[in-house]
Amino acid sequence: MFTARILGAITALLIIATAGTLLVMLPESGASQLMRRAFHLGWPGGLVIVGLLLYFQFGRKNDPNRGELVFKTLVGLLGYSMFFIAVANYAMNFNDESLGAPGEPRFLPVSLVMFTVACFMMAMYFTGVRVLLQIGGFMFFVAACLAGFGNWLQQVKADPPPLEAEGGKNVKEMSAGDLAEFGEKLIFGAVGASGTQGAIGKGQCPLCHGFQKGFLSERAPNLFGIPKRAEEQLKDSRYKMGKPQERDTLQKEACPGCGTATNAVEYIAESHACPNCYVVAGFGVKGTNDKESPMPAIHKPPIGLTVDELIAVDTWLFAREGGEPPPPDVIEKAYFKFIPEKDRPKPAGAGGGGPVAGAPVVTGDEPVNEIFTKALCFACHTIPGIPGAVGAVGPKLVEKTNAPLRLKDPAYKGKATSVREYIMESIIDPSAYVVKPFPDKIMPKDFGKKLNAAAINKIINYLSQLEEGKPPPKIE
């Protein structure tokens with residue numbers, strides 16, 4: 001009897017060691033991540049079932065029902081494993097929109113089918129609870145059919161409605177108050193939304209800038225009081241370093257008047273048209289000595305505000321200070337000074353456009369490179385394969401290489417257990433783990449509101465394939 005127990009213990013250790021070795025040695029793939037996640041979720045109960053199996057096999061040699069008990073325990077272990085694989089399949093892919101492609105299984109129906117099979121399989125052998133298992137299996141089967149039919153139907157997205165148009169008025173015909181409200185819509189998505197957390201409009205300014213007094217803006221300058229501060233910045237000796245005669249031909253063609261602003265109106269217009277012409281100290285791209293700004297020219301894609309829209313934005317910046325904003329033609333003249341005629345976006349009326357307050361900045365239908373661009377990820381991160389994504393404010397995003405190393409870092413205190421989960425956590429809760437030597441609180445914490453599930457999933461799919469030293473995946 002003692003020898004049998006020793007053999008049982010050794011067998012148990014061999015089973016556990018073999019399972020653990022297989023999980024570690026599995027090649028990195030979606031299937032291996034699924035198996036690891038299922039093991040992570042269900043190993044305590046699985047260990048109990050393996051213990052019972054060994055007990056029936058080696059501890060009850062004289063029991064005439066031993067063979068049946070061992071067989072039923074194996075069936076139970078198989079059903080238990082299928083249950084947690086189904087749970088892991090759903091948990092890992094709860095927002096995976098790519099699973100809706102033709103010919104590919106949908107995550108919810110697949111999980112429900114696995115539950116159904118496990119229930120009916122166990123009902124064949126566990127007669128005492130057969131009825132309950134059959135009822136459960138039938139319920140899962142019906143749910144799988146309904147979910148499969150629902151996913152087979154054409155999916156319809158509820159994109160945010162466009163802002164109410166301003167009647168197609170020319171900005172020069174609008175009152176200062178109406179123009180300021182139009183500017184607030186462009187910045188925050190709605191009138192009165194300037195104090196709303198997560199509010200963002202077509203201009204996407206709140207992604208980086210603060211607008212409230214006393215707000216600690218670490219990613220870009222706080223724009224509260226900017227008309228007054230603009231006059232002070234013009235006196236900075238660093239400002240004149242950008243004067244036209246010291247720049248090459250290409251720079252002069254891109255911004256012929258840059259470095260020549262004489263007042264607050266021109267300074268703000270220049271900052272929008274050519275952010276690199278003068279960078280506020282401490283807000284430049286890391287390693288450039290504040291000579292390069294992470295901010296894009298907002299009259300160009302991906303933001304692409306028209307001159308009329310820029311006039312409205314600047315009117316709000318002045319009006320919110322309580323003073324009389326400059327006339328539209330004065331602001332327009334300032335932009336014409338810094339934006340060459342060939343680069344001026346065509347007027348699209350004063351219809352506002354852009355998302356409502358707090359709405360996603362993308363729909364999720366865009367290709368992943370466009371999602372990165374619209375979300376301004378390129379301004380802070382270097383992302384191989386994404387044109388223009390050479391930012392140095394945050395870490396380089398080669399996550400197939402980086403994520404496994406960071407998950408093993410003793411300083412990591414997050415909850416992720418896989419590459420996909422780590423990327424998701426980094427987007428939704430960037431302070432869960434901050435890559436050294438980059439500071440905390442630079443990346444906004446509300447991308448969960450600004451990017452919907454489809455967009456986040458495309459980002460995760462792309463970043464999880466980026467590996468240091470290897471070519472990036474093809475963008476579809």
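Student: What share of the residues in the chain is buried?
Tutor: This is a predicted model, in which local features need pLDDT of at least 70 and side-chain atom pairs count only at pLDDT 80 or more, while totals for chains, interfaces and linings use all residues. Residues are numbered from 1 along each chain as its sequence is written, and side-chain values use heavy atoms, with hydrogens and water left out. Buried means under 20% relative accessible area, exposed over 50%, and partly exposed in between, with a 1.4 Å probe and protein chains only. Of the 476 residues in the chain, the buried share is 44%.

Student: How many helices and strands does the chain have?
Tutor: Both are DSSP runs numbered from the N terminus: helices are H or I over at least four residues, strands are E over at least two. By that count the chain has 0 strands, and its helices number 16.

Student: Among contacts between residues at least 6 apart in sequence, what percentage joins residues at least 24 apart?
Tutor: Contact means heavy atoms within 4.5 Å. Among contacts in the chain between residues at least 6 apart, the share joining residues at least 24 apart is 60%.

Student: How much of the accessible surface belongs to carbon and sulfur atoms?
Tutor: Accessible areas come from the Shrake-Rupley method with a 1.4 Å probe, and for residues only the protein chains shown count as cover. The surface of the chain comes to about 24900 Å², and the part belonging to carbon and sulfur is 63%.

Student: Are α9 and α11 parallel or oblique to each other?
Tutor: Axes are lines fitted to C-alpha atoms, for helices over the stretch in contact, and angles run from 0 to 180 degrees between N-to-C directions. Angles under 35 degrees count as roughly parallel, over 145 as roughly antiparallel, 65 to 115 as roughly perpendicular and the rest as oblique. The axes of α9 (residues 264–273) and α11 (residues 328–338) come within 9 Å and cross at roughly 45°. The pair is therefore oblique.

Student: Which classes of residue make up the contact of α9 with α11?
Tutor: On the α9 side are V265, E266, I268, A269, E270, H272 and A273, which meet V330, I331, A334, Y335, K337 and F338 in α11. Ala, Val, Leu, Ile, Met, Phe, Trp, Tyr, Cys and Pro count as nonpolar, Asp, Glu, Lys and Arg as charged, and the others, Gly among them, as polar. The residues of this contact divide into 9 nonpolar, 1 polar and 3 charged.

Student: Is the crossing of α9 and α10 left-handed or right-handed?
Tutor: Helix α10 (residues 307–319) packs on α9 at an angle of about 130°, with the axes 11 Å apart. A crossing is left-handed if the near helix is turned anticlockwise from the far one by less than a right angle, and right-handed if clockwise. The crossing of α9 and α10 is right-handed.

Student: Which residues of α10 meet α9?
Tutor: From α9, the residues taking part are A264, V265, I268, A269 and H272. Those they meet in α10 are L310, V313, D314, L317 and F318.

Student: Is T315 buried or exposed?
Tutor: T315 lies in α10. Not counting residues up to four places away in sequence, T315 touches A176, L179, A180, P325 and I331. Its relative accessibility is 1%, so T315 counts as buried.

Student: How far apart are the C-alpha atoms of P325 and T315?
Tutor: P325 is in the loop between α10 and α11, and at 12% relative accessibility P325 counts as buried. Apart from residues up to four places away, P325 touches A176, T315, F318 and A319. P325 and T315 are 10 residues apart along the chain, and their C-alpha atoms are separated by 5.6 Å.

Student: How are α13 and α14 oriented, roughly parallel or roughly perpendicular?
Tutor: The axes of α13 (residues 399–407) and α14 come within 9 Å and cross at roughly 90°. The two helices are therefore roughly perpendicular.

Student: What is omega for the peptide bond from K436 to P437?
Tutor: P437 sits in the loop between α14 (419–428) and α15 (447–450). The bond from K436 to P437 is cis, with omega near 5°.
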